[in-house]
Amino acid sequence: MKRKVFATALTMSMVMGLAACGGGSSAQTTAAAENKTEAAGTTAAESAAETKGAAAETKADGAVTGTKQGETVLKCAFNQSAENPEAETVRRMSDELYDATNGRYSIEVYPNELLGNQADSLQSVEVGAIDMALVANSIVEGVNPDFAIIGTPYIYDSVEQQEKFFKSGALDELFASTESAGFRCLAAYSLGPRNVYSRDGAITTPEELSGKKIRVMQSDTMIQMMNAMGGVGTPMSQGDVYSAIQTKTLDGAENNIITYIDLKQYEVAPYYNETGHLMIPDELVISADVMNAMSPEDQEALKKVAADSVDTAFKLCGELREKYYKQAKDLGVTVTKVDIAPFQKNCQTLIDNVANRSETTKNIYAKLKEIK
């Protein structure tokens with residue numbers, strides 16, 4: 001109860017602070033955006049200009065909206081930039097939701113942790129203080145450990161398999177399981193394969209990774225994964241990673257090429273090693289109270305546009321990954337191909353443990369293996 005009260009108070013203070021900005025821009029908001037993106041500006045903006053349809057509108061409080069505003073506007077928290085493909089996906093989904101509900105609903109995205117970090121955002125969604133959020137699977141795993149199965153290393157054979165799986169309906173029961181915690185998962189996206197990047201040279205084997213402190217997301221599964229791969233899994237908030245590598249607190253980190261380039265982490269860790277160990281989902285979640293307050297017809301409309309948005313997310317992410325890989329050399333990045341077999345072998349015990357955790361994880365894992 002104390003946790004819920006705190007989350008509500010924290011979020012309400014954030015929302016009131018944003019509303020107080022009025023028609024002017026807030027220095028605090030600007031600073032948060034700059035700290036979050038490490039001045040990534042031009043790279044992301046150029047990519048966004050090529051992928052966007054109708055232009056997004058950025059409001060005085062930092063929110064990004066679609067071209068249509070509904071009678072009810074759902075606030076969606078996000079920890080990365082407004083130019084990120086997942087933010088763009090939700091922006092497009094907003095216009096589709098407006099059309100599908102005859103103007104009753106739309107969505108606005110608050111990027112760069114304007115409504116709090118991912119853990120705080122999810123807590124705020126649970127109590128209905130924020131309507132929606134985009135959060136990493138590892139955060140949702142803290143509510144229901146069975147979510148670990150879709151964020152386990154080396155379980156996906158390809159991006160194409162993962163996309164088919166996310167669209168197959170195999171996750172419907174898992175997504176509905178969080179309703180008792182106060183929220184529901186609407187869709188899963190993925191920015192693509194995550195790879196280890198390092199400060200002081202390429203890493204191609206578990207032995208070369210040995211002893212190196214590598215930032216991972218704040219989850220037991222992620223720590224176990226990096227330790228199994230040979231490194232020292234070091235959980236840390238994304239906003240602290242750049243400076244931690246710069247000051248040699250970390251030897252590197254792991255992430256997809258989109259986040260790596262957007263946050264300019266190549267400046268402090270210029271070796272990008274294609275370990276391809278993880279394609280962790282990000283979930284689009286909504287407050288159960290908010291969703292249940294919608295009419296049955298509007299709930300169905302929301303579910304449909306959310307399901308359709310998976311196509312958009314994978315398309316935009318694929319285009320941006322390709323673009324960033326082409327740019328990497330010009331940015332001073334050394335991209336190294338890696339024989340992933342030794343890393344896979346080291347992670348097999350973890351994979352088996354997660355897959356056999358419950359009947360739910362066993363069924364999900366079996367369904368995944370049926371998709372080629």
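Biologist: What pLDDT does the chain average, and what share of residues score at least 70?

Modeller: The average is 87, and 85% of the residues score at least 70. pLDDT is the predictor's own confidence in each residue, on a scale from 0 to 100. This is a predicted model, where local features need pLDDT of at least 70 and side-chain atom pairs count only at pLDDT 80 or more, while totals for chains, interfaces and linings use all residues. Residues are numbered from 1 along each chain as its sequence is written, and side-chain values use heavy atoms, leaving out hydrogens and water.

Biologist: Which stretch has a pLDDT below 50?

Modeller: Residues 1–54. Beyond near neighbours in sequence, that stretch still has 73 contacts in the model, a contact being heavy atoms within 4.5 Å.

Biologist: What makes strand 2 and strand 4 a pair?

Modeller: Pairing takes at least two bridges found by DSSP. Strand 2 (residues 64–65) and strand 4 (residues 105–110) are joined by two bridges and run antiparallel, so they meet that cut-off. Within the pair, Val 64 stands opposite Val 109.

Biologist: In what order do the seven strands of the open sheet run, and which are the edge strands?

Modeller: The order is 1-2-4-3-5-12-6, with mixed pairing. Strand 1 (57–58) and strand 6 (183–189) are the edge strands, each pairing on one side only. Helix 14 (residues 296–328) lies across strand 4, strand 6 and strand 12 (282–287), at about 25° to strand 6. Angles like that run from 0 to 180 degrees between N-to-C directions, with axes fitted to C-alpha atoms, for helices over the stretch in contact.

Biologist: And the six strands of the other sheet: what is their order, and why do two of them stand at the edges?

Modeller: That open sheet goes 9-8-10-7-11-13, again with mixed pairing. Strand 9 (232–235) and strand 13 (334–337) each have a single partner strand, so one side of each lacks a neighbour in the sheet. Neighbouring strands here are turned by 35° against each other on average, direction ignored. Helix 10 (residues 220–229) packs on this sheet, touching strands including strand 7, strand 8 (213–216) and strand 11 (271–278), and its direction makes about 155° with that of strand 9.

Biologist: Why is strand 7 called largely enclosed?

Modeller: Buried means under 20% relative accessible area, exposed means over 50%, and partly exposed is in between (1.4 Å probe, protein chains only). Five of the five residues of strand 7 are buried, so the rest of the structure largely encloses it. Arg 194, Val 196 and Ser 198 cover one side of that tally, with Asn 195 and Tyr 197 on the other. Strand 7 (residues 194–198) pairs antiparallel with strand 10 (residues 252–256) over five bridges; Tyr 197 stands opposite Ala 253 and Asn 195 opposite Asn 255. Four bridges also join strand 7 to strand 11, antiparallel again, where Arg 194 stands opposite Leu 278.

Biologist: Why is Val 159 called buried?

Modeller: Its relative accessible area is 16%, so it falls under the cut-off for buried. Val 159 lies in helix 7 (residues 159–166), where six of the eight residues are buried. Strand 6, helix 14 and helix 16 (359–370) are among what covers them. Not counting residues up to four places away in sequence, Val 159 touches Pro 193, Met 279, Phe 314 and Arg 321.

Biologist: What makes a set of residues a nonpolar core, and how many residues has the largest?

Modeller: The set holds buried Ala, Val, Leu, Ile, Met, Phe, Trp, Tyr and Cys residues joined through side-chain atoms within 4.5 Å. The largest has 80 residues, and those with the most contacts inside it are Ile 150, Phe 165, Tyr 189, Met 229, Leu 284 and Leu 302. Apart from it lies another core of 22 residues, among them Tyr 197 and Leu 250.
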